Amino acid sequence: LLFIGTHNFASFTTIAYEDTMRTLSQLQIVQPMPDQLQIQLVGDRFLYKMARRLVGTIVAVGKGNMSLSDISRLITNPDRAKSGPT
């Protein structure tokens, strides 16, 4: 839920943009099979590699390499070097 809404997603791209404000209206994690996950993102528009880096960040949290407070910090204080991998 931390990603839902209008935020500065500068941490989740590999390119420096002048305008990095985007609106993510939906993020769903679905498990269609026991060994698979599908992550569905709906937004007004996306930055270059934003979806991949959001998913990489979610995976990093799931593995215990990042915390939810790390995500909050990435949104409030953008730092492309600290988000999850693509």
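**Entry 1, charges.** I began with the charges: the mean positions of the 9 positive and 6 negative charges of the protein chain are 5 Å apart. Here I counted Lys and Arg as positive and Asp and Glu as negative, leaving out His and the chain ends. I placed each charge at NZ of Lys, CZ of Arg, CG of Asp or CD of Glu.

I am working with a predicted model, where local features need pLDDT of at least 70, side-chain atom pairs count only at pLDDT 80 or more, and totals for chains, interfaces and linings use all residues. Residues are numbered from 1 along each chain as its sequence is written, and side-chain values use heavy atoms, without hydrogens and water.

**Entry 3, layout.** I found 2 helices and 3 strands in the protein chain, in the order β-β-β-α-α along the sequence. Both come from DSSP runs numbered from the N terminus: helices are H or I with at least four residues, strands E with at least two.

Next I looked up Ser-83, in the segment after helix 2 (68-76). Is Ser-83 buried or exposed? Ser-83 counts as buried, because its relative accessibility is 11%; the cut-offs are under 20% for buried, over 50% for exposed and partly exposed in between, with a 1.4 Å probe and protein chains only.

Leaving aside residues up to four places away in sequence, I saw Ser-83 touch Ser-11, Phe-12, Arg-53, Thr-57 and Leu-74, a contact being heavy atoms within 4.5 Å. A polar atom of the Ser-83 side chain lies 2.8 Å from the backbone oxygen of Ser-11.

Terms used. A polar contact is a pair of N or O atoms within 3.5 Å; within protein, one must be able to donate a hydrogen and the other to accept it, and residues adjacent in sequence count only if both atoms are side-chain atoms.
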